[in-house]
Amino acid sequence: MLNVLAGGIPDGDELLASLLRDPELGPVALLVQKRDRKPDEVSPEEAAWLMAGSILELLEVGGPDAVRAQLEELPRPQQVDVVRAVCDSSYPARGTLEDFRALVAEPILSAPPRLRAIRNASPRDPRRPKRRSR
């Protein structure tokens with residue numbers, strides 16, 4: 001939407017550039033331009049905004065179950081890192097950010113760690129003593 005508006009006025013590109021520096025509107029303007037930007041053209045802060053914005057956009061469109069399903073595809077440490085990054089992003093959509101905290105972050109961060117199955121482990125009867133090597 002901002003691209004359309006900016007394209008319809010003289011100096012629209014400069015307007016978008018100035019919005020990128022705005023602490024409140026910068027993330028929104030960055031999301032608008034995300035398809036036009038290459039990964040090496042964004043700072044770590046902008047990358048965090050893009051990630052947060054994409055996740056919050058998914059929350060608004062698909063709901064908390066869709067976000068949790070996406071996050072469950074990540075290993076647990078990465079899930080926690082992503083959730084904390086979104087919570088700490090200071091993203092300007094405060095209502096959506098609060099929804100994320102309550103509906104997604106809280107359940108993930110308060111969940112006990114999942115047990116992982118050990119693969120290729122030979123079954124052993126715990127009642128049988130171990131053999132000694134000679």
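Trainee: What share of the 134 residues in the protein is buried?
Mentor: Buried residues come to 28% of the 134. Keep in mind that this is a predicted model.

Trainee: OK, and how many helices and strands are there?
Mentor: Seven helices and zero strands. Going along the sequence, the pattern reads α-α-α-α-α-α-α.

Trainee: What part of the contacts with a separation of 6 or more comes from residues 24 or more positions apart?
Mentor: Those residues account for 52% of such contacts.

Trainee: Let's pick a helix. How many residues does H4 have, and how far does it reach?
Mentor: H4 has 19 residues, and from its first C-alpha to its last it reaches 26 Å. That is close to the 27 Å expected at 1.5 Å a residue.

Trainee: Which residues in H4 are buried?
Mentor: The buried ones in H4 are Glu-46, Trp-49, Leu-50, Ala-52, Gly-53, Ile-55, Leu-56 and Leu-59.

Trainee: And what follows H4?
Mentor: Gly-63 does, and its phi is positive, near 90°. As for helix H5, it covers residues 64-72, while H4 covers residues 44-62.

Trainee: At what angle do H4 and H5 pack?
Mentor: At about 135°, with their axes 6 Å apart.

Trainee: Now H6. How do the axes of H4 and H6 cross?
Mentor: They cross at roughly 95° and come within 9 Å.

Trainee: Is Cys-87 buried or exposed, and why?
Mentor: Cys-87 is buried, because its relative accessible area is 13% and the cut-off for buried is under 20%. Leaving aside neighbours within four places in sequence, Cys-87 is in contact with Leu-97, Phe-100, Arg-101 and Ala-105.

Trainee: How far apart are Cys-87 and Glu-98?
Mentor: Eleven residues in sequence, and 8.4 Å in space, C-alpha to C-alpha.

Trainee: You mentioned Leu-97. Which helix does Leu-97 lie in?
Mentor: Leu-97 lies in helix H7. At 4% relative accessibility, Leu-97 counts as buried.

Trainee: What does Leu-97 touch?
Mentor: Not counting residues up to four places away in sequence, Leu-97 touches Leu-56, Val-86, Cys-87, Ser-89 and Tyr-91. Leu-97 and Ile-55 are 42 residues apart in sequence, yet 9.8 Å apart in space, C-alpha to C-alpha.

Trainee: Ser-89 is on that list. Where is Ser-89 found?
Mentor: In the loop between helix H6 (76-87) and helix H7 (94-110). Ser-89 counts as buried, because its relative accessibility is 9%.

Trainee: What lies 2.8 Å from a polar atom of the Ser-89 side chain?
Mentor: The backbone oxygen of Val-86.

Trainee: Last one: which residues does Ser-89 touch?
Mentor: Trp-49, Ala-52 and Leu-97, again not counting residues up to four places away in sequence. Trp-49 and Ala-52 are among the buried residues of H4.

Conventions:
Residues are numbered from 1 along each chain as its sequence is written. This is a predicted model: local features need pLDDT of at least 70, side-chain atom pairs count only at pLDDT 80 or more; totals for chains, interfaces and linings use all residues. Side-chain values use heavy atoms; hydrogens and water are left out. Axes are lines fitted to C-alpha atoms, for helices over the stretch in contact, and angles run from 0 to 180 degrees between N-to-C directions. Helices (H or I, at least four residues) and strands (E, at least two) are DSSP runs, numbered from the N terminus. The expected span of a helix is 1.5 Å times one less than its number of residues. Buried means under 20% relative accessible area, exposed over 50%, partly exposed in between (1.4 Å probe, protein chains only). A polar contact is a pair of N or O atoms within 3.5 Å; within protein, one must be able to donate a hydrogen and the other to accept it, and residues adjacent in sequence count only if both atoms are side-chain atoms. Contact means heavy atoms within 4.5 Å.
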